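Thanks for passing this one along for a look.

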Amino acid sequence: MLSRTELEAWIRLFAEPGKKSNIVFLGGEPTMHPDLIHGVKVARECGFTITVDSNGYMFHDFLERITPDMLDYLSFSLDGPDSEINDPIRGNGVFGVCTANLKKAISKGFNTSLIYTVSNENIDHLPRMIPLLQDLGVKRFFIQVIGLRGSSAQKNRDNKSKQLQVDPQQWLDVVPEVARQAGQRGITVIYPKVFLSDEEIFECAGHVAENFFVFPNGRVYQCPLCEDYSVHSYEINNNRLVRLDGLTEERFFSLDIAEGCVMNKLLQPETISYRPDGSPLHRISCCLLKQRVDPT
Ligand code: SF4
């Protein structure tokens, strides 16, 4: 675990005065860190827009020790519209604790959002999230995907992973429609683009944006798909950000392939389906490219 001093120093490493930047504290579970509130205060001093992504447990009396003016967004994770769906995925009793703390946060005046990670276990229940969000009063809804299944290369994955992956057509049939309906009910929905049409341009965020995914072991990645591999572009050494040479993720960002995202092709090839002539059925977008549906 990072010490309070390291936490503060690391946040300041990424601060650029006058530049609009977001910082998201996530985990694991960020409220388990006893100095999270100190980190939030430092981030505020540095001018970041601040989000805390929590599983809803709010450890260390987080909700009692923080006020809405200190945070821009407080985000909660649920993977089902009730305990029958959510708790087998996220743990026994999680739905009750998470929704109770979400209600408390809303009553205290926090800007809240909810994150739902779609898998084969819960995609059919996604539409039922709309009335729940309305009941709770949550105005921002993030939909993520645990993995998509292609028709090829499935043998590379273990059974559990295959069970969780969503069929691409199912994703396309369900997610945009739920987002549209939620928008009609006053909820902003943000979800990954995933598939690019022939007319759409592929862009790698490693090239066209500036994102840093910072881990307590000091590794700093630009691409979230690379997180399990030792190809990070930067490292924090003695509280200084050091750019690394050699075979890092950056070498892959400029590769131009028919499948779109090169890391997706390397690490999750089962997400890509091919036509009989060998061309990919879809190009896969950067996982950081999001679609947004605003309230209508
Ligand atoms: S997900 Fe793909 S496109 Fe996005 S940053 Fe990583 S390598 Fe680039």
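The points below go from conventions to domains, ligand, helix pairs and backbone.

1. A word on conventions before the details. Residue numbers start from 1 along each chain as its sequence is written. This is a predicted model, so local features need pLDDT of at least 70 and side-chain atom pairs count only at pLDDT 80 or more, while totals for chains, interfaces and linings use all residues.

2. Let me begin with the domains. The protein chain is assigned domain 1 (4-203 + 251-293) and domain 2 (205-250); such bounds come from an automatic or database domain assignment. Their C-alpha centres are 20 Å apart. In the interface, 15 residues of domain 1 are in contact with 19 residues of domain 2, where contact means C-beta atoms, placed from the backbone, within 7 Å.

3. Which elements supply at least two residues each to the side of domain 1 that touches domain 2? They are α1, α10 (250-253) and α11. Helices here are DSSP runs of H or I with at least four residues, strands are E runs with at least two, and numbering goes from the N terminus. The largest share of this side, four residues, comes from α1. By class the side has 11 nonpolar residues, one polar and three charged. Nonpolar covers Ala, Val, Leu, Ile, Met, Phe, Trp, Tyr, Cys and Pro; charged covers Asp, Glu, Lys and Arg; the others, Gly among them, are polar.

4. Now the ligand. It is surrounded by 13 residues, and the closest are C204, C223, C261, M263 and C286; a residue is near if its C-beta atom, placed from the backbone, lies within 6 Å. The shell has 11 nonpolar residues, two polar and no charged.

5. Next, α1 (residues 4-13) against α2 (residues 36-45). Their axes come within 9 Å and cross at roughly 25°; axes are lines fitted to C-alpha atoms over the stretch in contact, with angles from 0 to 180 degrees between N-to-C directions. The two helices are therefore roughly parallel, a term for angles under 35 degrees. On the α1 side R4, L7, E8, I11 and R12 meet H38, G39, V42 and A43 of α2. This contact has four nonpolar, two polar and three charged residues.

6. The pair α4 (residues 83-90) and α5 (residues 94-108) packs at an angle of about 105°, with axes 8 Å apart. These helices are therefore roughly perpendicular to each other, the term for 65 to 115 degrees. Here S83, N86, D87 and R90 in α4 meet V94, F95 and G96 in α5, giving two nonpolar, three polar and two charged residues.

7. Finally, two backbone spots to look at. Most residues other than glycine have a negative phi, and most peptide bonds are trans. G27 and G28 are joined by a cis peptide bond with omega of about 10°, and G28 lies in the loop between β1 (22-25) and α2. M58, which is not a glycine, has a positive phi of about 50°; M58 sits in the loop between β2 (49-54) and α3 (62-65).

Technical notes:
Parallel < 35°, antiparallel > 145°, perpendicular 65-115°, else oblique. Contact = placed C-beta atoms within 7 Å.
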